[in-house]
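Me: I have a structure open and would like to learn how to read it. Can we go feature by feature?

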Amino acid sequence: MKKDIAENICNETLFSSIFEKHSKNLHNFLYYKFGEEFNPKDKVQEAFIKLWENCAKITPSKAKSYLFTVANNLSINATAHKKVVLKYQLHKRKSYTNENPEFLIEEKEYLEKLQKAIATLSEAQRVAFLLNRIEGKKHKEIAEQLNISTKAVEKRIYGALKKLRTEIKEL
Amino acid sequence: MNREDLILKWLDHSLNSQELEQFKALEDYNDLIKLNSSLQHFKAPEYNTSDELKSVRSSISNTQKQSKLNWTKQLLRVAAILVIGFSIFYYTTTLDTTVKTLAAEKSLIALPDGSSTHLNAQSTLTYNKKNWNKTRDLKLNGEAFFRVTKGSTFNVITENGTVTVLGTQFNVKHRNNLFEVVCFEGSVSITNNIKTTILKPGDRYLILDGKYIAKEKENLKTPNWIANKSYFNSMPFQYVLNEFERQYDMKIDAQNINLQELYSGSFTHTDINLALKSITLPLNLNYSISGNTIYITSD
């Protein structure tokens, strides 16, 4: 009996725990894939609402892939008609008061180059690489999330790194 | 360990301390670290899981409210369909009933209270079944014979006047300029714009081209046409021909004939040649049939 309750996503506690477990990953994945313009937060919400509406039909083990598929499809629907070059905003998180102006200009230039270089990456490369570098995820974790092999993740990330470095050098 | 393996391990966050030293010794170590630290500027915006969970929860409860609303909407839809269905049902059942006969066709109609009506050819009778208990009103255009059971007033409304009875048998004929009522049993009252006339059994009321024509008593129990005969007594020939056309669904061409000449006699509805003879011989006329048209000529 207890098992039955635990296996039903319609149970609010379980639903919340699934949300806590997957929502952030899902959000970051959508962000790196489609960029900010497509409201990854809204898409995450929509995906979880869909999960709730269909909670009786989906087992907890299927929840993760369901969420990723739904959110991905929602975003694809939104972007279907326009192929957008993704733009990345620079996040000024710290005030580099200690740095001299020359360094700041240099850093800004470098970030602009990096931004352009990231835009040249393929979607698959970009998602895997940024999840790895920024979110600090291991290859295996990314592989699980994207439903691909570790080897493929490794390839994408290494390819992305190589491409970025040559792009930056050229710019 | 070669350079590529080191970088791969670094990428997988799985360098051990010894490998880390080797990695640091790589010539492009500084480049990689610079790239890596700069990449942090591209971090996804802060995602507050608990805030987001709250808003998902609130939208879920909103949608649940909405689904309840949808449920009432569904109910309203069903109700609307039922209302429309009932009103159509009510409308159609209270609609007037119209019975129409074509040329050469007669019809016997049973009315809701047990009264009956014989409808002669090319006639229209309209009545309302629903209100029949309150008002026994019929609209007639053409000719019909009524057998009325006792009850409330029974009205036959025509353009030339209204025939009112209480329970009787009578014939009403209303054709263009001809309006004839014959009472066979009981009594009948006829009201038109001018006056009210009461007929006793055997009485005949005839208005031809707006003029009242007094007629002798009728001795029959039912009108002749019920027995498939048309009977005329000093009627203009035009009316005889009109009746003939109705009974046989034929066109009559009688251009050079005096149509006002009076005709007395009858014709059968069952034998066209015999009928033609009965209407032409007394007036010394000839006839020929061609397709759907009968030509009548004088000698």
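**A strand pair, then the rest**

Reply: Start with one pair of strands. In chain B, β17(B) and strand β18 (residues 293–298) run antiparallel and are joined by 6 bridges. Within this pair, B:Ile289 stands opposite B:Ile294 in β18(B). Strands are DSSP runs of E, at least two residues, and helices are runs of H or I, at least four; both are numbered from the N terminus. Two strands pair if DSSP finds at least two bridges between them.

Me: What kind of model is this, and how are its parts numbered?

Reply: This is a predicted model: local features need pLDDT of at least 70, side-chain atom pairs count only at pLDDT 80 or more, and totals for chains, interfaces and linings use all residues. Residues are numbered from 1 along each chain as its sequence is written, while chains are lettered from A and ligands numbered from 1 in the order in which they are written.

Me: In which strand of chain B is confidence lowest, and in which is it highest?

Reply: Read pLDDT, the predictor's confidence in each residue, from 0 to 100. The mean for chain B is 83, and 95% of its residues reach 70 or more. Strand β13 (residues 211–214) of chain B is lowest, with a mean of 74. Strand β4 (residues 124–127) of chain B is highest, at 90. For the complex, the predictor gives an ipTM of 0.73 and a pTM of 0.48.

Me: How do I read a sheet?

Reply: Strands of a sheet pair through backbone hydrogen bonds, either parallel or antiparallel. Here, an open sheet of 3 strands in chain B has the order β15-β18-β17, with mixed pairing.

Me: Why is one side of β15 and of β17 of chain B left without a neighbour in the sheet?

Reply: β15 (251–253) and β17 (285–290) of chain B stand at the edges, and each has a single partner strand, so one side of each has no neighbour in the sheet. Neighbouring strands of this sheet are turned by 25 degrees against each other on average, direction ignored. Helix α6 (residues 272–280) of chain B lies across β17 and β18 of chain B, at about 150 degrees to β17(B). Axes are lines fitted to C-alpha atoms, for helices over the stretch in contact, and angles run from 0 to 180 degrees between N-to-C directions.

Me: How many helices and strands does each chain have?

Reply: Chain B has 6 helices and 18 strands. Chain A has 8 helices and 0 strands.

Me: How do I read burial?

Reply: Count neighbours. A residue is buried if 20 or more other C-beta atoms lie within 10 Å of its own, exposed if 12 or fewer, and partly exposed in between; C-beta atoms are placed from the backbone. In chain A, 32% of the 171 residues are buried. In chain B, the share is 22% of 299 residues. Helix α6 (residues 123–133) of chain A is mostly covered, with 9 of its 11 residues buried. Among them are A:Phe129 and A:Leu130.

Me: And a nonpolar core?

Reply: In soluble globular proteins, nonpolar side chains tend to be buried together. A core is a set of buried Ala, Val, Leu, Ile, Met, Phe, Trp, Tyr and Cys residues joined through C-beta atoms within 7 Å. The largest here has 38 residues. α2(A) gives the largest share, 8 residues.

Me: Where do the chains touch?

Reply: Look for contacts: two residues whose C-beta atoms, placed from the backbone, lie within 7 Å. 23 residues of chain B contact 35 residues of chain A. On chain B's side, α4(B) gives the most, with 8 residues.
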